[in-house]
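Thanks for making the time this morning. I would like to walk you through one model, beginning with a single residue and then widening the view.

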Amino acid sequence: MSREEARSSRKERQEDKTDPGASRHGNFMNYYQFHPAEERVRQLPHGVWRSAHPDRKYVGLDVGCNAGDLTFVLHDFLEKALSADQSKEISLLGVDLDPILIERARERNPRPDRIIFECFDFLTEDCNRVLNEHLDRFEKSRFDVVFCFSVTMWIHLNHGDEGLVKFLRKACSIADMIVIEPQVWKCYRNASRRLRRSKAEDFPLLKTLKYTGDPVEHIERILREFCNFRRVMVTKNNEWKRRLLIYART
C-alpha cells in the first residue's frame, strides 16, 4: 500500500466513526447522534424573524424533519426569538417522507398542541392539499418561515438539477422566509461512497449534475433568479462546515 493510499484509508476509518451509514433519501434513524439539534440552532440569528400578519399565529414548516428533534428545538428557539410579542403563538409543521421517523416524532412530541407531524414527499402533488389545509387553519396563505436543514443534497441527488430548482421554487412559493442548510460537495461524494459500499445502486443522476462544486453558490443563484428572494444573511460555518442561508421574499 502506498503512503497516499494509507492516508486515504486512515481518513476513511476516522470518518466511519461519525458515519450514520448509507441512505438514499437521508432518512437516517440515528441522525441527531451525529449532528445535535442544539448545535444547529446556535447558528440562527435573533431579530430577523418577522410575520406578514402580526395579529395571527407564527406558522413555520420544517421540511425533512426526521424524528423531530430539530423541530422541537426550533419551536423553543422561535418562542424565545419572538418573546417580545407575548401574544404570539408559534405553530410548527414537520414533514418527512419516512413513516417510521414521523411515528417516532409523534410519539415523542412534547407540544402536540403547537407541533404537528405529517408524512409525505414534499415534491409530490399529494402534499399540496395537506400544506394548504394547514395554512387555512391559521388563515395564512404562506408559512412565515420554511426550514430546510440538510435536505437539498438528497433532493439534488435523487431528482437532479431540475429537481433542485423545483424544490426551491416550491418551498419559496409557500414561504415569506426560508432557511437552508446545504450540504457541501464532499457530502455528495460521501453519500455515493456509502451506497456503493453497502452494495446498493449508486445515485443514477449523480454523473449528470451540472450544479457541482459549491452547492451554496448554486442555491443562492436559484433563490435570487428563480424565486425572487433576497439574502437576509449567511452564517459562518458550523463545526461540520455548513452555513445557513437565510432568504426572504422581496
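In which helix does Thr-71 lie? Thr-71 lies in helix H4, residues 69-81, where helices (H or I, at least four residues) and strands (E, at least two) are DSSP runs numbered from the N terminus. Before going further, please note that this is a predicted model, in which local features need pLDDT of at least 70 and side-chain atom pairs count only at pLDDT 80 or more, while totals for chains, interfaces and linings use all residues. Residues are numbered from 1 along each chain as its sequence is written, and side-chain values use heavy atoms, with hydrogens and water left out.

Thr-71 counts as buried because its relative accessibility is 0% (buried means under 20% relative accessible area, exposed over 50%, partly exposed in between, with a 1.4 Å probe and protein chains only). Leaving aside residues up to four places away in sequence, Thr-71 touches Asp-62, Cys-65, Leu-92, Ile-115 and Phe-117, contact meaning heavy atoms within 4.5 Å.

Turning to the sheet, we have an open arrangement of seven strands in the order S3-S2-S1-S4-S5-S7-S6, with mixed pairing; two strands pair if DSSP finds at least two bridges between them. The edge strands, each pairing on one side only, are S3 (115-119) and S6 (229-234). Strand S2, residues 90-96, pairs with S3 in the parallel sense over five bridges, and Leu-93 has Ile-116 in S3 as its bridge partner.

Finally, Thr-152, Leu-164, Val-165, Leu-168 and Cys-172 in H7 meet Ile-219, Ile-222 and Leu-223 in H9.
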